[in-house]
Amino acid sequence: MNLLALMPFIVLIPLIASGVVALLPGRTLPWVATLLAALASAVIAALVLPEAIGQGPMSYPFGNWPPPIGIEYRVDAANAFVALLVAGMAAITLLWAPKSVAAEIEGRHGTFYALFLLALAGLLGITLTGDAFNVFVFLEISSLATYALIAYGQDRRALLAAFRYLIMGTVGATFLLIGIAFLYMVTGTLNMADLAERLPELRDNNAVRAALAFIIVGMGLKLALLPLHLWLPNAYAYAPNFVTAFLAGTATKVALYVMLRFVFTVFAPDYSFVVLPLSTVLMVLAVAGMFAGSWVAMFQIHLKRMLAYSSVAQVGYMVLGVSLATLTGLTAAFLHLFNHALIKTALFMAIGCVMYRTGSAKLDDLRGLGREMPWTLTAFALAGLSIIGVPTTAGFISKWYLVLASVEVGAWWLVALIVITSLMAVYYIWRVIEAAWFSPRPQGAVAVQEAPLALLLPTWLVVGLNFYFGLDTRLTVGASTAAAEALLGAGVALP
Amino acid sequence: MSDNGILRIIARFLIPLILLVGLYIQFHGEYSPGGGFQAGVVFAVGWILYVLIWGLERGLKVISLKAMYVLSAAGVLLYAGTGLLGVLLGGKYLEFYPLLESPHAAQQAGIIVVEFGVGLTVATVAMLIFTLFARRRSEWIAALEQDDPEQRP
């Protein structure tokens with residue numbers, strides 16, 4: 001079997017496995033099957049990535065119906081990279097999952113893991129497909145599964161958070177659908193490559209303009225771009241820890257990818273960035289997100305909410321890279337997409353370890369915990385260094401490229417803004433470290449043990465990856481550059 | 001509501017027809033309007049009408065909760081398995097040509113099996129959703145009847 005025949009199984013394995021896992025009894029069996037499915041997906045994605053970078057786009061027609069008519073999976077460097085990230089993060093967070101899920105979710109786990117696999121298959125499907133309508137279908141698959149996963153949270157507020165996400169996510173998906181419907185109306189095709197060929201003739205069509213606007217707003221919602229981010233903090237804060245760790249690394253990233261795919265491939269960049277003031281709009285929202293997200297994070301007492309607001313800020317960095325509309329900017333966006341997934345997952349895993357032992361993610365309950373859970377909180381501190389962007393960490397690499405991209409277009413003031421928001425990150429990470437290591441344990445607090453190895457080892461694995469990708473950037477920078485080139489094509493002349 | 005004669009007689013008359021229409025839409029889906037989704041919903045409606053008249057307990061004797069779970073997953077697997085069969089026989093995923101000799105019959109057979117999977121899942125999931133809500137409501141009413149202020153939502 002060649003690689004092309006294997007490629008669609010990145011999506012199909014989790015999709016098929018979800019049907020099997022739903023029926024498995026008990027707790028261990030569903031987890032093992034889920035882990036195997038996610039690992040298989042990740043391995044295939046890892047095999048596909050070099051092929052997609054080296055050989056150019058791979059196309060797989062479903063049911064052997066040729067592309068403009070049938071549904072096609074079209075994989076180039078950009079989506080192979082995102083698919084590897086999503087499948088890889090799923091496998092790594094699953095290693096961490098069993099203890100944490102057992103503590104939080106009662107009864108058998110078959111249904112829970114089946115939902116997780118559906119969410120994973122949906123995210124991977126969005127990433128790999130070359131059909132605009134198929135994007136919407138997979139978006140709904142992953143979103144519906146995600147709402148249910150969030151509602152599994154122990155806190156009753158999880159239900160409200162899931163409901164709020166459901167409303168806002170549905171609005172976002174509807175906007176995407178309206179945009180796709182407009183495109184279909186004027187071009188008569190849903191295949192992305194086909195759309196890209198037909199749209200240049202319709203530059204002055206108002207429906208096409210409206211379609212672009214609808215798609216950007218719709219994906220802005222799923223992406224949690226600043227004014228549309230309201231669903232994110234509560235959804236992340238009250239979801240089960242495993243779900244938060246997985247979503248923080250994948251869901252918003254895939255939404256960003258969809259936005260990029262439409263802006264750069266379906267509508268050519270010399271259209272998107274000219275017909276709408278996209279560069280300005282995205283830059284303003286990104287900077288506002290960076291500041292507002294970091295600012296609010298500085299005053300949160302619930303650590304998961306703090307990290308969630310920090311995610312809003314980090315989404316700002318990614319969108320900032322996109323708004324520059326240069327090759328370096330887009331490379332920085334892809335780099336941060338990958339690196340932030342590693343950083344945020346490590347941080348949420350560390351907080352998950354704390355919650356596993358203390359049952360609380362409040363800053364006050366963390367006081368003096370550094371001496372009782374040294375490994376967990378050291379992991380948090382090291383991942384915190386990465387989110388600040390200290391050299392030798394992955395976070396430094398992406399911020400460095402973002403600075404390079406800003407300097408390249410002569411926007412020195414952006415460099416200053418990046419540094420200021422990084423300092424704000426120093427503050428909110430430092431608050432945790434100060435509470436954990438420099439405050440005394442409150443009197444009468446119950447003694448806590450270090451988190452079990454089953455949780456610690458995967459956490460440290462992700463922390464280790466943060467440092468690995470901070471030192472060896474061949475994979476990340478190479479793939480990000482290839483991804484940016486795949487989206488931008490030969491390059492673009494901006495006015 | 002089974003003590004109301006009009007409801008009972010009309011339901012008795014309607015339920016077989018509804019189920020029949022469901023099956024009709026199912027098995028004519030490949031060349032006429034319809035298909036697994038619509039058929040599944042219509043078929044489930046027949047069962048839901050039965051439950052509305054004779055109660056959830058009797059409805060669950062027709063098809064148990066566990067059977068719904070199993071069948072809903074089985075439908076997905078039937079769909080996915082048919083797709084996989086195309087790959088195993090040397091074609092693409094969801095390609096039906098390798099299934100049978102005649103290309104026309106192969107496409108028809110493939111789409112019928114796939115749509116049957118869809119119908120099975122949609123019908124059982126619709127029943128499942130209805131059952132879960134109906135149960136919740138009966139628990140809620142029981143709690144109200146107990147008049148326990150703590151249990152009152």
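Helices in this briefing are DSSP runs of H or I with at least four residues, numbered from the N terminus. Helix α4 of chain A, for example, holds A90(A). The model you are looking at is predicted. Chain A has 20 helices and 2 strands, while chain B has 5 helices and 0 strands.

**Chain A as a whole**

- Chain A contains 20 helices and 2 strands. Its radius of gyration is 21 Å, close to the 23 Å that the globule rule gives for 495 residues, so chain A is as compact as a globular protein of that length.
- Along its principal axes, the C-alpha trace of chain A spans about 75 × 55 × 40 Å.
- Of the 495 residues in chain A, 61% are buried.
- Take the contacts in chain A with a separation of 6 or more: 80% of them are between residues 24 or more positions apart.

**Two domains in chain A**

- Where the two domains meet, 42 residues of domain 1 of chain A are in contact with 47 residues of domain 2 of chain A.
- On the domain 1 side of this contact in chain A, the elements that give two or more residues are α3 (28-55), α4 (77-104), α10 (231-238), α11 (241-266) and α12 (269-275).
- Helix α4(A) supplies the largest share of that side, with 13 residues.
- Sorted by class, the domain 1 side in chain A has 28 nonpolar, 10 polar and 4 charged residues.

- Read along its sequence, chain B follows the pattern α-α-α-α-α.
- A compact globule of 153 residues would have a radius of gyration near 15 Å, but the value for chain B is 20 Å.
- The C-alpha atoms of chain B fill a box of roughly 65 × 40 × 20 Å along the principal axes.
- In chain B, 32% of the 153 residues count as buried.
- Among contacts in chain B between residues at least 6 apart in sequence, 62% join residues at least 24 apart.
- The contact between the chains takes 12 residues from chain A and 11 residues from chain B.
- Helix α2 (residues 9-21) of chain A gives the largest share of the chain A side, 5 residues.
- That side of chain A has 9 nonpolar and 3 polar residues, and no charged residues.

- Is A90(A) buried or exposed? A90(A) has 28 other C-beta atoms within 10 Å, and the cut-off for buried is 20 or more, so A90(A) is buried.
- Leaving out residues up to four places away in sequence, A90(A) touches A38(A), L120(A) and F246(A).
- A90(A) and F182(A) are 92 residues apart in sequence, and their C-alpha atoms are 34 Å apart in space.
- F163(A) is in helix α7 (residues 157-187) of chain A. It has 15 other C-beta atoms within 10 Å, so F163(A) is partly exposed.
- F163(A) and A148(A) are 15 residues apart along the chain, and their C-alpha atoms are separated by 9.3 Å.

**Zooming in: helix α14(A)**

- Why does the length of helix α14 (residues 303-323) of chain A agree with expectation? At 1.5 Å a residue, the 21 residues of α14(A) should span 30 Å, and the end C-alpha atoms are 30 Å apart.
- In α14(A), 20 of the 21 residues are buried, so this helix is largely enclosed by the rest of the structure.
- After α14(A) comes A325(A), whose phi is positive, near 55°.

**Zooming in: the strands**

- Strand β1 (residues 58-61) of chain A pairs with β2(A) in the antiparallel sense over 4 bridges.
- Strand β2 (residues 72-75) of chain A is covered on both faces. E72(A) and R74(A) are buried on one side, and Y73(A) and V75(A) are buried on the other.

Methods: Residues are numbered from 1 along each chain as its sequence is written. Chains are lettered from A and ligands numbered from 1 in the order in which they are written. This is a predicted model: local features need pLDDT of at least 70, side-chain atom pairs count only at pLDDT 80 or more; totals for chains, interfaces and linings use all residues. Two residues are in contact if their C-beta atoms, placed from the backbone, lie within 7 Å. Ala, Val, Leu, Ile, Met, Phe, Trp, Tyr, Cys and Pro count as nonpolar, Asp, Glu, Lys and Arg as charged, and the others, Gly among them, as polar. A residue is buried if 20 or more other C-beta atoms lie within 10 Å of its own, exposed if 12 or fewer, and partly exposed in between; C-beta atoms are placed from the backbone. The expected span of a helix is 1.5 Å times one less than its number of residues. The radius of gyration is taken over C-alpha atoms; the globule rule is 2.2 Å times the number of residues to the power 0.38. Two strands pair if DSSP finds at least two bridges between them.
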